[in-house]
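Welcome to my notebook. I jotted these entries down while looking through the model, and you are welcome to follow along.

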Amino acid sequence: MMLLWDLAGAFHFHGVSFGLENILASGLSISVTDAAVVIVSTFISVAFHEFGHAVASASEGLQIEYIAIFLAILFPGALIALNYDQLQTLPPFAALRIYCAGVWHNAVFCAVCALALFLLPLVLSPLYTHGEGPIVLGIPHTSPLSGYLSLHDVIVSVDGTNITNPDDWMKMMAKANSQIILGSPPLENSQSYKAIKEEKGYCVPNSWIEASKIIQEVNDNFSCPDDFVPFVQNSCINSSLSDGSNLREETEHKHCLIAKDVIKLKKCGNGWQIIGTDGNSCICSEQESCMTPVQIPGMTWVEVSYKSPYSPNCLQLTRNLSSKDSVNLNLESNPCDGTFVFIGDVVSVARSIQLSSYQPRWAWIIWSIHIPHILEKVLVCMLHMSAALGLINCLPVYFLDGESILETSICYITWLTRRQRHKVLSICLFGGTVLSIITFAKMLYSLIVLQ
């Protein structure tokens with residue numbers, strides 16, 4: 001029971017790099033690495049908890065009968081058996097100190113793990129940079145992004161906003177998804193198209209528009225040939241384009257354009273998440289028009305920029321370039337940098353890849369790219385496990401430290417009789433155990449069903 005509580009508590013208090021949503025991203029499965037991290041973290045946290053009891057017992061001269069290490073299903077555990085007769089003869093404060101020692105050691109261990117997490121970027125700084133963009137550690141073939149990103153690519157920005165770590169990646173994707181959710185609801189006809197609510201536009205030259213294929217209307221649907229995406233002319237002021245009410249009247253303003261060429265142009269419209277003239281300006285030149293992509297309701301348009309500094313071609317290019325040429329190399333002419341647009345369910349797609357905040361300073365240590373990520377995972381998981389173990393053992397629950405702590409603490413209420421103390425203890429333990437089971441069941445339900 002306690003091990004299940006530790007596991008659920010660790011997942012419940014998920015942090016930056018190790019949350020349950022990342023582990024259960026595909027089919028409620030867990031990788032071998034994640035399973036090993038959980039098992040090792042559980043063993044260390046439990047061992048440190050029991051070590052606290054042992055140290056406090058030894059300091060009080062209490063005899064330790066034996067130390068046991070066991071395995072419950074896949075989760076390791078440990079316990080220390082004390083001499084119960086000697087324990088009963090100790091003063092209440094000394095006994096309370098022994099009972100609370102495990103929780104206290106877990107609290108200290110949490111502080112140590114938190115400090116280690118804070119100092120980890122500094123400790124690894126000779127070999128790795130931190131916070132300069134999330135690097136792709138793993139991308140399964142089933143991920144929709146496998147056709148766009150490759151292993152060891154570094155994500156630079158989402159919708160024009162620079163991101164520095166995996167947290168920024170998830171937040172930006174969730175923000176992009178919330179914009180379409182908060183917009184008008186999907187139409188009954190799932191094949192119908194409309195301009196996106198957030199009005200992300202590009203300043204497209206009028207010559208491109210004149211040469212583009214006019215979008216074809218078939219049974220109230222608008223379609224483009226392969227490799228083309230429908231765009232609608234957007235004034236950046238008229239919001240009627242996003243409500244789908246005058247779809248037929250605006251047909252003449254819709255054009256089929258090549259998205260990979262359009263996304264290289266200057267941005268316009270008020271739907272971009274960046275702040276500045278490039279993202280908020282509705283003004284294009286006289287030779288340009290602000291064109292907004294059109295998409296299926298319920299889907300969202302996200303523009304992602306990335307770079308591939310560790311790919312063989314880019315490494316060869318870097319070696320061949322002189323320092324002067326490197327300065328003159330810009331984003332548009334650099335083949336190591338790229339931008340793509342993804343249209344669909346961006347939140348689930350964002351979870352389908354594994355990212356890390358640490359980038360190796362030199363390409364020859366790219367083989368060790370997983371080491372900082374694993375260290376960060378272990379520290380975060382130990383922090384969660386130790387916090388959950390300490391919190392659970394503070395609760396008034398049968399067979400846990402909380403039962404002994406509560407029983408000893410009640411002894412200080414001198415105005416209660418022995419019978420009344422026993423009654424108060426029984427009520428508190430029964431109520432605490434029932435409430436804990438209900439809370440645990442709700443946590444499991446939310447983690448499994450809502451996932």
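I began with strand E7, residues 201-205, and found it mostly covered, with five of its five residues buried. Buried here means under 20% relative accessible area, exposed means over 50%, and partly exposed is in between, using a 1.4 Å probe and protein chains only. Strands (E, at least two residues) and helices (H or I, at least four) are DSSP runs, numbered from the N terminus.

This is a predicted model, so I kept in mind that local features need pLDDT of at least 70 and side-chain atom pairs pLDDT 80 or more, while totals for chains, interfaces and linings use all residues. Residues are numbered from 1 along each chain as its sequence is written, and side-chain values use heavy atoms, with hydrogens and water left out.

Next I checked which way the E7 side chains point. In a regular strand they alternate between the two faces of the sheet. On E7, Gly201, Cys203 and Pro205 point one way, Tyr202 and Val204 point the other way, and all are buried.

DSSP must find at least two bridges for strands to count as paired. Opposite tyrosine 202 I found lysine 267 of E13.

**Entry three: the record.** I turned to UniProt, where an unreviewed entry lists residues 64-84, 104-124 and 424-445 as "transmembrane region". Such annotations may be inferred rather than shown by experiment. In the model, residues 104-124 are 95% helix and 0% strand, with end C-alpha atoms 30 Å apart. Residues 424-445 are 100% helix and 0% strand, and their end C-alpha atoms lie 32 Å apart.

How many aromatic pairs does a search of the whole structure find? I noted six. Rings of Phe, Tyr and Trp (its six-membered ring) pair if their centres lie within 6.5 Å; planes under 30 degrees apart are stacked, over 60 edge-to-face, and the rest tilted.

Tyrosine 306 and phenylalanine 340 make a tilted pair, 5.9 Å centre to centre with 55° between the planes. This pair links distant parts of the chain, 34 residues apart, from strand E15 to strand E16. Tyrosine 306 counts as buried because its relative accessibility is 18%, and phenylalanine 340 is buried at 7%.

I also visited tryptophan 362 and tryptophan 364: their ring centres are 6.3 Å apart and their planes at 25°, so the pair is stacked. Tryptophan 362 is partly exposed at 40%, whereas tryptophan 364 is exposed at 62%.
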